[in-house]
Amino acid sequence: MTEKEKMLAGLPYLSTDPALMAESRHAKSLCHRFNMMDPLEPEARMAVLASLLTIEGQAYIEPSFYCDYGYNIRLGNGFFANHHLTILDACPVTIGRHVMFGPHVLLSTATHPLEAGARRDTEHAVPISIGDDVWLGGNVSVMPGVTIGDRAVIGAGSVVTRDISADCVAVGNPCRVLRRLA
């Protein structure tokens, strides 16, 4: 298997693989272009991201935006992200329709071995899935392997380390369900 095939399969891989590094540099170049574009030209800015991400319908991201590869990110129609979104997409990140992110949101599929020696050489990734009509407040971090159900609200500053069910408000570090919605 190539390092990319290992990465996408959730197996330990070398992030320093030359092919992966070239793909990451390409994504970072497009992110840089997006981040430096005139804020009065939102359509042109989003066209740059559309060449990198899969966008189903309309989406809007305020600068700045950062990702590792881009091709693993799927945004549903009506997606909105406020300033300073970072998505570490070493494997699929699926975001549903009509999802809103506050400023400084981080989604990270990447994780590392606990054993120090192994951590020097490899990492692996676990997909993230966010349902429809979800709202993530500012400074929310979503960790590898998390699924957030439809219509969930994640309070500002939360660190989401485990799945959050649909139709609830969840907050904290670690993030826990506070109450059910309707």
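Me: What makes Tyr 60 count as partly exposed?
Reply: This is a predicted model, so the answer is a computed one. Tyr 60 has a relative accessibility of 23%. Buried would need under 20% and exposed over 50%, so at 23% Tyr 60 counts as partly exposed.

Me: And why is Phe 80 called partly exposed?
Reply: The relative accessible area of Phe 80 is 28%. That value lies between the cut-offs of 20% and 50%, so Phe 80 is partly exposed.

Me: How many aromatic pairs are there by the ring-centre rule?
Reply: Ring centres have to lie within 6.5 Å, and the count by this rule is three aromatic pairs.

Me: What makes the pair of Tyr 60 and Phe 80 stacked?
Reply: Their ring centres are 6.0 Å apart, and their planes meet at 10°. Planes under 30 degrees apart count as stacked, so this pair is stacked.

Me: Which parts does that pair tie together?
Reply: Tyr 60 belongs to strand E2 (residues 59–61) and Phe 80 to strand E5 (residues 79–81), so the pair links parts that are 20 residues apart in sequence.

Me: Why is the pair of Tyr 69 and Tyr 71 called tilted?
Reply: Here the centres are 5.6 Å apart and the planes are at 40°. Stacked needs under 30 degrees and edge-to-face needs over 60, so this pair is tilted.

Me: Are Tyr 69 and Tyr 71 buried or partly exposed?
Reply: Tyr 69 has a relative accessible area of 6%, which is under 20%, so Tyr 69 is buried. Tyr 71 is at 31%, so Tyr 71 counts as partly exposed.

Me: What sits over the ring of Tyr 71?
Reply: The charged end of Lys 4 does, 4.3 Å from the ring centre. The distance limit for a charge over a ring is 6 Å, and 4.3 Å is within 6 Å.

Me: Which residues of H2 are buried, and what puts them on the same side?
Reply: The buried residues are Leu 20, Ser 24, Ala 27, Leu 30, Cys 31, Phe 34 and Asn 35. They cover an arc of only 140° around the axis, so they are on the same side of H2. An α-helix has 3.6 residues a turn, so residues three or four places apart point the same way.

Me: How do you know that the buried residues of H3 line one face?
Reply: Those residues are Arg 45, Met 46, Val 48 and Leu 49. Seen down the axis, they fall within an arc of 145°, so they line one face of H3. Their cover includes H2, E1, E2 and E3.

Me: Why do strand E1 (54–55) and strand E15 (147–148) stand at the edges of their sheet?
Reply: The sheet is open, with five strands in the order E1-E4-E7-E12-E15 and parallel pairing. E1 and E15 each have a single partner strand, so one side of each is left without a neighbour in the sheet.

Me: What makes strand E12 (residues 128–130) a partner of E15?
Reply: Pairing needs at least two bridges, and E12 and E15 have two, in the parallel sense. Ile 130 has Ile 148 in E15 as its bridge partner.

Me: What joins strand E18 (residues 168–171) to strand E19 (residues 176–180)?
Reply: Four bridges do, and the strands run antiparallel. They form a hairpin with four residues between them, and Gly 172 in the turn has a positive phi of about 105°. The loop between E18 and E19 holds Pro 174, and the peptide bond from Asn 173 to Pro 174 is cis, with omega near 0°.

Definitions and conventions. Residues numbered from 1 in each chain as written. Predicted model: local features only at pLDDT ≥ 70, side-chain atom pairs only at ≥ 80, totals over all residues. Heavy atoms only, no water. Buried < 20%, exposed > 50% of the residue type's maximum accessible area, 1.4 Å probe, protein only. Lys NZ or Arg CZ within 6 Å of the ring centre and 35° of its normal. Arc of directions from axis to C-beta. Contact = heavy atoms within 4.5 Å.
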